[in-house]
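Thanks for making time this morning.

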Amino acid sequence: MEQAPAGWSEVEQRLWRAFGRGDILDLASGDQAADDPATGAAWGAERTVRAETLARVLLAGPAPEPGRVRGLKLVGARIAGRLWLAGGRFESFVELHDCYFDTGAVLSEAHAGTVRLDGCHIPRLDASRLDTSGDLVLARCTVLYGVRLTDAQIGTDLIANHLRVGTDQFGRSFSADGMTVHQDFEADRLECDGELSLRTARIGGRFSLRGAQLRGRPGKMNCFNAARLSVGSTFYLTGWRDPKTMAQPQSPDRGGLLEPAAAGRPNGPELRYSRPEGDPGPYRSALPPQRLGEREGEGQEELEEETEAATRMVYGQGFGEDPESGIPFRAFGGVRLEDARFETACLINYAEFHLGEDQELSLRRIQTPELRFTCPAPPTGKVALSRARVGNLIDRPTAWPRNHEVRLTGFSYEALRSPEGAYQSVHQRIAWLDQALDTFHPEPYEQLAAALRRDGLDDDARQVQYAKQQRRARTLPAPGRAWSRLQDITVGYGYRPGRAALWLLAAWAVGTLWFAGHPPAPVKVDEHPHWNPALYAASLVLPIVNFGMDGWAPAGVGQWLSAVLVLSGWVLASTVVTGATRVLQRG
């Protein structure tokens, strides 16, 4: 086997030999507190590997021993200096567990096989235009000054479960615009103290942000910007619950590095933000990476309360979590999903959206076969669904903002469905529209009526149309409101045929009583039908029906009353006939 270069330390020589055999080099002490990667700056030479050594091993390491597959598998090491692999090409398996990086790692435009960083502490990871043939794993890592994966090409899965990321000098924590992941992107329990940016990203499989905690920086509009995102399967913006790992956190991705003999040692302590005292970080202009939730002006008491609440959250107690749903997805800032496409479904369930005055949850022009919106509480700001196209809409009316903060212009959906075990009446649906829309727009009412009609709920659809006319009437000037009110009282805008029948009966009764006491003169004295005031009034209010009472000529008040009865009859009778036709057609 080739010998390690001269001048390398004993640890680095062991790494050289382990790489050729594909063995694990475990430098951890076995003490959980001492092995915390956040304290890695204090690790001694016996656990230190230079970054240039890692680069040399990966780019020009020893050939594999016969019958072995070489690979870099390192546990509990301090990586001294910046790991610079930009533009490099290495196909060997790379797996680093619970390691501490002094400066960071640069993998821009590198070509790699599978890269796994699990539980590592990294000041910054720059991997723009990285191209991997296998997975990229960042599970349980803490990255103080941001992750950059712009235009990266991930051959299989991107795993970022339990990843915690601070912000860079631009207010972003996870920058992956234009990234392509050929299979799944799993980011459950991701914590970002800055913008998560995935504009024009393409995910071939599912994209999961279950239980993620996203916080935008002060002065920034969004905490999550994924305009023109494309997901080949289901997008999960939901809560997270895993009872098997709630009390004992473990590696959330598939597989692990530790051998069975080391299984008794925890995979790593709870991650937290930290850096050497006085270290300004790689970007002197960047805001310091604060604990998630920490903001300028907060007192020590508030921070202690937040820390205690976060601890309860990890163990499934308090902090607003549901025992059945676990930890909710939380967004503190705007969420932008405009023009996104989800090939299977977009699930927004057990999520909290804490929006400022000018921030919104923007779902404009999204396309998906199914949209589930069943949050336990409505977002605190605007929700925009303008020109979105959805197959099945599964929602709870109580999940939407009620202060006229929903934008539904051009929003189309094929069918309405209720969550399992829930039922929404048509009155709740109408109230949803009335409370959501800031100004009257007929399209949302037409869309709701069409969806109900497709489900065979014609009566409910007519109630929606009736509610549309009532809402429209409130926007008219005084004369228009008066006329609209008259239509509502008399015929219910044509959607209340029973009301029209009652008015028709009342008109017939009035005519009968009047003409009983004021019979008209006959047209021909010697040739006229037998006088019957009831039939004569009926012939006026039902002008299309001939009761043989044409031989009478009313005059004066009777003539005017006859004209009113004829006009009323045409309007009321046509409404009644239309309603009867609907009934016969259903029959």
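Let me begin with a term: a nonpolar core is a set of buried Ala, Val, Leu, Ile, Met, Phe, Trp, Tyr and Cys residues joined through side-chain atoms within 4.5 Å, where buried means under 20% relative accessible area, exposed over 50%, and partly exposed in between, with a 1.4 Å probe and protein chains only. What you see is a predicted model, in which local features need pLDDT of at least 70 and side-chain atom pairs count only at pLDDT 80 or more, while totals for chains, interfaces and linings use all residues. Residues are numbered from 1 along each chain as its sequence is written, and side-chain values use heavy atoms, with hydrogens and water left out.

Of the 587 residues in the chain, 51% are buried. The largest nonpolar core takes in 116 residues, and L209, F224 and F353 have the most contacts inside it. Apart from that one lies another core, of seven residues, including Y536, L540, L561 and L565.

Which residues does F353 touch, not counting those up to four places away in sequence? With contact meaning heavy atoms within 4.5 Å, they are L237, F329, A331, V335, I348, L361, C375, P379 and T380.

Turning to the strands, the chain has 10 helices and 44 strands, taken as DSSP runs numbered from the N terminus (H or I of at least four residues for helices, E of at least two for strands). F353 belongs to strand β36, residues 351-354, whose covered face holds A351 and F353, whereas E352 and H354 make up the uncovered one. Strand β32, residues 329-332, runs parallel to β36 and is joined to it by four bridges, with A331 standing opposite F353.

Elsewhere, an open sheet of 11 strands pairs in parallel in the order β5-β9-β13-β17-β21-β25-β29-β33-β37-β39-β41, pairing here requiring at least two DSSP bridges between two strands. Its edge strands, each pairing on one side only, are β5 (82-84) and β41 (406-407). Within this order, β25 (residues 195-197) and β29 (residues 222-225) are joined by two bridges, and L196 has F224 as its bridge partner in β29.

Finally, the rings: a charge sits over a ring if NZ of Lys or CZ of Arg is within 6 Å of the ring centre and within 35 degrees of the ring normal. The charged end of R47 is placed over the ring of W43, 3.8 Å from its centre, and R189 lies over the face of W240, at 5.0 Å from the ring centre.
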